Amino acid sequence: MQPQELLPFDGSAFYRPGFFGAGDSERMFRSIMDETPWEARNIILFGKEVPQPRLACWYGDLAYSYSGITLDPRPMTPTLLEIKHRCEEAASAKFNSVLVNLYRDGQDSMGLHADDEPELGSEPVIASVSFGGERNFRLRHRENKELRQISLASGSLLVMSGLSQACWMHDIPKTKKFVAPRINLTFRYIYNV
Ligand SMILES: O=C(O)CCC(=O)C(=O)O
Ligand SMILES: [Mn+2]
């Protein structure tokens with residue numbers, strides 16, 4: 001599959017399958033799986049405390065808050081730094097943080113949201129890398145409800161920028177299909193606001 005732009009207007013979500021080769025992807029999946037102190041956190045959803053339907057870990061220089069929880073920062077590992085540098089080059093942007101998510105099976109998911117917290121600035125660049133099982137990624141326009149979706153392949157890079165967070169929301173829905181565990185990394189630049 002060729003690199004492609006997923007958004008018709010109001011921002012960019014540029015998809016690059018095979019950004020990491022199969023060998024690199026397998027090696028990175030394994031080391032992130034083994035080195036990450038995975039956390040199962042509770043989040044506040046519609047005022048109620050519920051377990052987050054995935055495991056996660058936050059790396060970077062600054063703490064990060066979303067959905068009512070604060071993630072303490074920890075230094076990036078050599079593997080994460082290697083991936084960060086490749087993403088910085090591809091996205092022509094700098095990143096100082098990464099949220100690492102583990103979707104253990106089809107019942108793990110990420111609800112509809114935008115990465116639009118104030119500390120990300122007004123038009124954040126977000127580099128999203130996927131390793132392992134393929135999952136469907138959906139983008140939904142806030143106003144006209146237009147839907148774009150793509151199956152995020154192992155080794156792929158998705159760079160969201162411009163108005164993508166202001167005008168669109170995104171999610172990873174649950175699936176009843178059998179899916180292998182998937183690791184996703186979203187690199188961001190957090191301003192100290
Ligand atoms: O798992 C994904 O592909 C999306 C993750 C995401 O949207 C996030 O971490 O903010
Ligand atoms: Mn997101």
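Modeller: Ligand 1 sits in the largest cavity, where a cavity is a set of points, on a 1 Å grid over the protein atoms alone, at which a 1.4 Å probe fits but cannot get out, and a molecule sits in one if more than half of its atoms lie within 2 Å of its grid points. This is a predicted model, in which local features need pLDDT of at least 70 and side-chain atom pairs count only at pLDDT 80 or more, while totals for chains, interfaces and linings use all residues. Residues are numbered from 1 along each chain as its sequence is written, chains are lettered from A and ligands numbered from 1 in the order in which they are written, and side-chain values use heavy atoms, with hydrogens and water left out.

Around ligand 1 there are 13 residues, and the closest are Tyr103, Asp115, His170, Arg182 and Arg188; a residue is near a molecule if one of its heavy atoms lies within 4 Å of it. By class, this shell has five nonpolar, five polar and three charged residues, with Ala, Val, Leu, Ile, Met, Phe, Trp, Tyr, Cys and Pro counted as nonpolar, Asp, Glu, Lys and Arg as charged, and the others, Gly among them, as polar.

Strands E8 (97-103), E9 (110-113), E14 (168-172) and E15 (182-188) each supply at least two residues of the shell, and E15 gives the largest share, four residues; strands are DSSP runs of at least two residues, numbered from the N terminus.

Polar side-chain atoms of Asp115 and of His170 each lie 3.1 Å from an oxygen atom of ligand 1, and for Asn184 the corresponding distance is 3.2 Å. Taken alone, ligand 1 exposes 290 Å², of which the protein buries 98%, with accessible areas from the Shrake-Rupley method and a 1.4 Å probe.

Key. Polar contact = N/O pair within 3.5 Å; in protein donor to acceptor, adjacent residues only side chain to side chain. 1 Å grid on protein atoms, 1.4 Å probe; cavity = no way out; pocket = protein on both sides within 12 Å on 5 of 7 lines; lining within 4 Å.
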